[in-house]
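Here are my notes on this one, written to be read with the model open beside you.

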Amino acid sequence: MRVYVPTTLHALAQAHADGSLGPLPLRAYAVTPALREWYLSDDIEELEYAALVRAAQSSLRLLAADGAAPRRRVVVALDVPDEAVALQNDAEHADASALGAVTLSEAPPLARAAAVHADADEPEVREDVSAAAAAVAAADTGDEDARFTVDGAEDHELLWFATQEIPGLLA
């Protein structure tokens, strides 16, 4: 199963040094039955993009929690065995923000990554992502101005990086 693991550049550097993503339990996003139902699409690329966007939103929350991390959202795309993925059906149906959320029961090796997606290292992007990380908690409580700020970060598409480009991404 293809999963999208939200992270930060700090955590990616640690995973690169350790050889695996963690700590467990590890939250990720995937094309779940509830996500398929919500998006009403049979196009797997559209559904995977939706899971990637949800992981990017989760990465933003990780940035909010780690004020020292560079202000760039990061998502690792990787394939894991189906049995390593626990669906969260009840949570997905109870809360739309949990759509596509899954839990990984084993720390996947970074070598299993298909790609890394990250924000561009540009001043405008870092500024928008920084503002969004500062506003995400207020946006979650319904503050419309904060939601507008968070949406500003989502206007920036994540770039695709091959796994051999991780050292350059971390530099």
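Where is Ser130 found?

1. Ser130 is found in helix α5. Bear in mind as you look that this is a predicted model. Is Ser130 buried, exposed or partly exposed? Its relative accessibility is 31%, so it counts as partly exposed, the class between the cut-offs of 20% and 50%.

2. Staying with α5 (residues 123-140), have a look at how it meets α3 (residues 44-65): the two axes come within 8 Å and cross at roughly 100°. That angle falls between 65 and 115 degrees, so α3 is roughly perpendicular to α5. On the α3 side, the contact is made by Leu60, Arg61, Leu63 and Ala64, while α5 brings Val129, Ala132, Ala133, Val136 and Asp140. Sorted by class, this contact has seven nonpolar residues, two charged ones and no polar ones.

3. Now the sheet. Seven strands form an open sheet in the order β4-β5-β2-β1-β3-β6-β7, with antiparallel pairing. At the edges sit β4 (85-87) and β7, each of which pairs on one side only. On average, neighbouring strands are turned by 35° against each other, direction ignored.

4. Helix α1 lies across β1, β3 and β6, and runs at about 40° to β3. Helix α3 packs on the sheet too, where it touches β1, β2, β3 and β6; its direction makes about 20° with that of β1.

5. I'd zoom in on β6 next. This strand is mostly covered, with five of its six residues buried. Its pairing with β3 is antiparallel and runs over five bridges. Within that pairing, Val74 has Ala118 of β6 as its bridge partner, and Ala77 stands opposite Ala115 in β6. Strand β7 (residues 159-161) is also antiparallel to β6, and three bridges join them. Here Ala118 turns up again, this time opposite Leu159 in β7.

6. Which residues touch the most other members of the largest nonpolar core? They are Val3, Val5, Leu12 and Val76, out of 23 residues in that core. Two or more core residues come from each of β1 (2-7), α1 (9-18), β2 (26-30), β3 (74-79), β5 (101-104), β6 (113-118) and α7 (166-170). There is another core apart from this one, made of 16 residues, including Leu47, Leu52, Ala56 and Ala101.

7. Leaving out residues up to four places away in sequence, Leu12 touches Thr7, Val74, Val76, Leu110, Val116, Ile166, Leu169 and Leu170.

8. Last, the histidine. His156 is found in the loop between α6 (144-154) and β7. Is His156 buried or exposed? It is buried, because its relative accessible area of 17% is under the 20% cut-off. Leaving aside neighbours within four places in sequence, His156 is in contact with Arg73, Asp119, Glu124, Val125 and Asp128.

Terms used. Residues are numbered from 1 along each chain as its sequence is written. This is a predicted model: local features need pLDDT of at least 70, side-chain atom pairs count only at pLDDT 80 or more; totals for chains, interfaces and linings use all residues. Side-chain values use heavy atoms; hydrogens and water are left out. Axes are lines fitted to C-alpha atoms, for helices over the stretch in contact, and angles run from 0 to 180 degrees between N-to-C directions. Helices (H or I, at least four residues) and strands (E, at least two) are DSSP runs, numbered from the N terminus. Angles under 35 degrees count as roughly parallel, over 145 as roughly antiparallel, 65 to 115 as roughly perpendicular and the rest as oblique. Contact means heavy atoms within 4.5 Å. Ala, Val, Leu, Ile, Met, Phe, Trp, Tyr, Cys and Pro count as nonpolar, Asp, Glu, Lys and Arg as charged, and the others, Gly among them, as polar. A nonpolar core is a set of buried Ala, Val, Leu, Ile, Met, Phe, Trp, Tyr and Cys residues joined through side-chain atoms within 4.5 Å. Buried means under 20% relative accessible area, exposed over 50%, partly exposed in between (1.4 Å probe, protein chains only). Two strands pair if DSSP finds at least two bridges between them.
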